[in-house]
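Trainee: Could we go through this one together? I'd like to start with the overall shape and then look at one helix pair.

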Amino acid sequence: MHVVCFDIDGTLVASAGFDGELYQQAVQDVLGVNLNPDWSQYKNVTDSGILEEILESIPDVEERTRLGRRVKSEFVNSTKQYFERNPRLIREIPGAKALVTTLREFPNVSICIATGGWAETATVKLRAIGIDPTKIPMATSSDAVRRTDIMRLAESRAIRGPVTRRTYFGDGQWDKKAAAELGYDFVAIGGCVDHHVAFQDLQDLEAILGQLRV
Ligand SMILES: [Mg+2]
């Protein structure tokens, strides 16, 4: 079985224009902290991972937990509001839905989603582009802080039994790093990551299926 795993932001959903901004805004509003604009400087580039690192300096555990919850709920609410106000601005990465639908038909492929976003925002984003999140095994930043742990969990939810090959589609440097750590083949999407297997988007179904050799 070939496990094909997808990141969400910038890989399936064109959320680059608002996702980071809303996250930054929530952190700023609740904690008064500006995020490092270079996210790759954070140990774990996931919603819970970045937050954990920012909150590390607060000694009191209860205070840390309370503030963390507030950032999360503010971010989830502002994302939902953004989606309600701008339904037409939420787009898929071209070809995303068709690729996911096609791959689900292959008997030797098991797809799953491993996102650095929290479950609440991940499901809203997938629904917005017409992918039913209840139909695809998924792990999120609500499950774990480290992307590799999220990916392992997604795989375990997708498949029991022998895996012959693993592929991860992602758009970030951190995705490439996590894929390398776990021995996944990596497919870079969107042009921000320098990698020998890269596609601007997911439209060229034939080329992508050829790459996956399915
Ligand atoms: Mg991404």
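Trainee: What radius of gyration does the protein chain have, and why would one call that in agreement with a compact globule?

Mentor: The protein chain has 17 Å, which agrees because a compact globule of 214 residues would have a radius of gyration near 17 Å, taken over C-alpha atoms with the rule 2.2 Å times the number of residues to the power 0.38. This is a predicted model, where local features need pLDDT of at least 70 and side-chain atom pairs count only at pLDDT 80 or more, while totals for chains, interfaces and linings use all residues. Residues are numbered from 1 along each chain as its sequence is written.

Trainee: And how much of the protein chain is buried?

Mentor: Buried residues make up 36% of the 214, a residue being buried if 20 or more other C-beta atoms, placed from the backbone, lie within 10 Å of its own.

Trainee: Switching topic, how do H6 and H7 pack?

Mentor: Helix H6 (residues 147-158) and helix H7 (residues 173-182) pack at about 60 degrees, with axes 9 Å apart; helices here are DSSP runs of H or I, at least four residues, and the axes are lines fitted to C-alpha atoms over the stretch in contact. H6 and H7 are therefore oblique to each other, the class left once angles under 35, over 145 and from 65 to 115 degrees are set aside.

Trainee: Which residues meet there?

Mentor: From H6, Arg147, Thr148 and Met151 meet Trp174, Ala178, Glu181 and Leu182 of H7, where contact needs C-beta atoms, placed from the backbone, within 7 Å.

Definitions and conventions
A residue is buried if 20 or more other C-beta atoms lie within 10 Å of its own, exposed if 12 or fewer, and partly exposed in between; C-beta atoms are placed from the backbone. Axes are lines fitted to C-alpha atoms, for helices over the stretch in contact, and angles run from 0 to 180 degrees between N-to-C directions. Helices (H or I, at least four residues) and strands (E, at least two) are DSSP runs, numbered from the N terminus. Two residues are in contact if their C-beta atoms, placed from the backbone, lie within 7 Å.
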